[in-house]
Amino acid sequence: GGLDALSGATPLGLAKEGGVAAVEGLDYMDMLFYNIGGSAGELSAIAILAGFVYLLVRRVIRPYITLSILGTVAVFSGIFWLVNPAEFTDPLFNLLTGGVLLGSVFMATDSVASPMRNVGGIIYGVGIGIITMLIRYFGAYPEGMSFAILIMNSVVPLINKVCHTKKYGR
């Protein structure tokens with residue numbers, strides 16, 4: 001007689017539909033250890049961060065893209081939250097919900113689609129963070145990470161051209 005599955009709105013869906021008041025009772029420790037409803041991209045933040053550390057140690061990815069995305073999301077949402085905390089969610093909520101962690105660690109750092117230089121990676125990450133938060137706060141969808149990555153992937157050739165270092169003698 002017990003439940004083995006439960007269906008319900010995700011925290012981002014609750015925030016989009018009911019505003020900040022709808023998510024006030026959520027615990028950040030539950031979000032950190034996946035005791036909330038959500039999709040596969042909202043798995044345990046601890047597990048995703050462990051994967052990030054593993055990829056860094058193995059030198060599969062560079063930290064610039066991931067850290068610039070997370071920093072931009074935190075700063076952008078922090079500014080809006082400080083201006084109007086009754087309407088906008090706080091930075092920690094935005095970092096722990098949705099696909100921000102999954103997208104910034106595993107999707108945006110794809111070596112084929114991301115910029116070649118570190119400066120380009122920072123520009124790419126800041127763009128993803130800004131677009132994600134614009135879609136979350138002002139768009140029709142509660143999440144915006146996948147759209148932001150796709151939009152910024154289309155800009156990568158321009159970023160590579162601008163951030164390309166000249167070879168000696170040319």
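**Notes on helix packing and pockets**

1. Starting with the packing of helix 4 (residues 63-83) on helix 7: the two pack at an angle of about 35°, with their axes 7 Å apart. Bear in mind that this is a predicted model. Helix 4 passes helix 7 in a right-handed crossing. By class, the residues of this contact split into 15 nonpolar and 7 polar, with no charged ones.

2. Helix 7 (residues 118-138) also meets helix 8 (residues 145-153): their axes come within 8 Å and cross at roughly 140°. That angle makes helix 7 oblique to helix 8, given that roughly antiparallel would need an angle over 145 degrees. The crossing of helix 7 past helix 8 is right-handed.

3. Who touches whom here? On the helix 7 side, the contact residues are Ile 123, Tyr 124, Gly 127, Ile 128, Ile 131, Thr 132 and Ile 135. Across from them, helix 8 brings in Met 145, Phe 147, Ala 148, Ile 149, Ile 151, Met 152 and Asn 153. Sorted by class, the contact of helix 7 with helix 8 has 11 nonpolar residues, 3 polar and no charged.

4. The largest pocket has a volume of about 190 Å³. It is lined by 13 residues, and the closest to its centre are Ala 15, Lys 16, Glu 87, Arg 136 and Tyr 137. Helix 1 (11-18), helix 5 (91-96) and helix 7 are the elements that each give two or more residues to this lining.

5. Which helix gives the most to the lining of the largest pocket? That would be helix 1, with 3 residues. By class, the lining of the largest pocket comes out as 7 nonpolar, 3 polar and 3 charged residues.

6. The second largest pocket has a volume of about 150 Å³. Its lining is made of 12 residues, and those nearest its centre are Val 20, Val 23, Glu 24, Tyr 28 and Asp 90. By class, the lining of the second largest pocket has 9 nonpolar residues, 1 polar and 2 charged.

Notes: Residues numbered from 1 in each chain as written. Predicted model: local features only at pLDDT ≥ 70, side-chain atom pairs only at ≥ 80, totals over all residues. Heavy atoms only, no water. Axes fitted to C-alpha atoms, helices over the stretch in contact; angles between N-to-C directions. Helix = DSSP H or I, 4+ residues; strand = E, 2+ residues; numbered from the N terminus. Parallel < 35°, antiparallel > 145°, perpendicular 65-115°, else oblique. Left-handed = near helix turned anticlockwise from the far one by under 90°. Contact = heavy atoms within 4.5 Å. Nonpolar A, V, L, I, M, F, W, Y, C, P; charged D, E, K, R; others polar. 1 Å grid on protein atoms, 1.4 Å probe; cavity = no way out; pocket = protein on both sides within 12 Å on 5 of 7 lines; lining within 4 Å. Points joined across faces, edges and corners; volume = space filled by probe spheres on them.
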